[in-house]
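Have a look at the structure first, then come back for the rundown.

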Amino acid sequence: GSLQSLRGDHPAAIATLEQSLALAREMNDTKEESETLINLGNAQARSGDNAAAIESYKRAYEIMGASASYEARTGVLGNWVTTLVDEGRLDEAEEMLAQLRRTVRPNDHQSNRILRLLEPVLTKRPADPSDAEPKRH
């Protein structure tokens with residue numbers, strides 16, 4: 001599903017990932033479920049369905065909990081914040097950014113880069129959400 005999305009076939013990617021999600025749930029495999037939800041969120045965001053992507057990221061984060069790896073937690077938080085900004089939901093993005101800020105280790109260059117890119121967007125608060133352009137990397 002992820003490769004399909006990267007190739008631009010978002011409907012096929014979403015369908016494949018939804019099938020994978022159903023299997024993970026059937027097997028009660030929460031690690032696979034959360035990873036699939038992250039990939040599904042990425043495909044949904046690439047297809048322009050930010051609202052669905054936000055819900056997928058939220059559910060993935062809830063499922064993974066504190067036992068998940070640092071990389072998984074910061075990765076989903078970064079994608080979640082970026083998608084909230086893309087959607088113009090800046091108040092929510094600011095709350096999630098605060099959570100990401102509390103989670104990020106000082107030597108984590110990738111997550112700190114996300115913080116540096118997003119913080120100015122949230123402090124300047126553009127009147128038009130299309131003025132804010134942080135993108136998922």
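Let's start with a crossing: helix α5 goes past α6 in a left-handed sense. Keep in mind that this is a predicted model.

**α5 against α6**
- The two axes sit 8 Å apart, and α5 packs on helix α6 (residues 90–103) at an angle of about 160 degrees.
- That angle makes α5 roughly antiparallel to α6.
- On the α5 side, the contact is built from Y70, R73, T74, L77, G78, W80, V81, L84 and V85.
- Facing them from α6 are L90, E92, A93, M96, L97, Q99, L100 and T103.
- Sorted by class, the α5 and α6 contact comes out at 11 nonpolar, 4 polar and 2 charged residues.

**α4 against α5**
- Helix α4 (residues 50–64) and helix α5 (residues 70–86) have axes that come within 9 Å, crossing at roughly 155 degrees.
- So this pair, α4 and α5, is roughly antiparallel too, since angles over 145 degrees count that way.
- The handedness of the α4 and α5 crossing is left-handed.
- From α4, the residues in the contact are N50, A53, I54, Y57, K58, A60, Y61 and M64.
- They meet A72, R73, V76, L77, N79, W80, T83, L84 and D86 in α5.

**α2 against α3**
- Helix α2 (residues 10–26) and α3 cross at roughly 165 degrees, and their axes come within 9 Å.
- α2 and α3 are therefore roughly antiparallel to each other as well.
- Here again the crossing is left-handed, with α2 passing α3.
- α2 brings H10, A13, I14, L17, E18, S20, L21, A24 and R25 to the contact.
- α3 answers with E32, E33, T36, L37, N39, L40, A43, Q44 and R46.
- Between α2 and α3, the contact residues divide into 8 nonpolar, 5 polar and 5 charged.

**The second largest pocket**
- How much space lies in the second largest pocket? It's about 180 Å³.
- Its lining is made up of T30, K31, S34, E35, I38, I63, M64, S67, A68, S69 and A72.
- The elements that give two or more residues to this lining are α3 (30–46) and α4.
- Which element gives the most to the lining of the second largest pocket? That's α3, with 5 residues.
- By class, the pocket lining holds 5 nonpolar, 4 polar and 2 charged residues.
- M64 and A72 turn up in this lining, and M64 of α4 and A72 of α5 are also among the residues where those two helices meet.

Note on methods:
Residues are numbered from 1 along each chain as its sequence is written. This is a predicted model: local features need pLDDT of at least 70, side-chain atom pairs count only at pLDDT 80 or more; totals for chains, interfaces and linings use all residues. Side-chain values use heavy atoms; hydrogens and water are left out. Axes are lines fitted to C-alpha atoms, for helices over the stretch in contact, and angles run from 0 to 180 degrees between N-to-C directions. Helices (H or I, at least four residues) and strands (E, at least two) are DSSP runs, numbered from the N terminus. Angles under 35 degrees count as roughly parallel, over 145 as roughly antiparallel, 65 to 115 as roughly perpendicular and the rest as oblique. A crossing is left-handed if the near helix is turned anticlockwise from the far one by less than a right angle, and right-handed if clockwise. Contact means heavy atoms within 4.5 Å. On a 1 Å grid over the protein atoms alone, a cavity is a set of points where a 1.4 Å probe fits but cannot get out, and a pocket is an open set with protein on both sides within 12 Å along at least five of seven lines; lining residues have an atom within 4 Å of a point. Grid points are joined across faces, edges and corners, and a volume is the space filled by probe spheres set on the points. Ala, Val, Leu, Ile, Met, Phe, Trp, Tyr, Cys and Pro count as nonpolar, Asp, Glu, Lys and Arg as charged, and the others, Gly among them, as polar.
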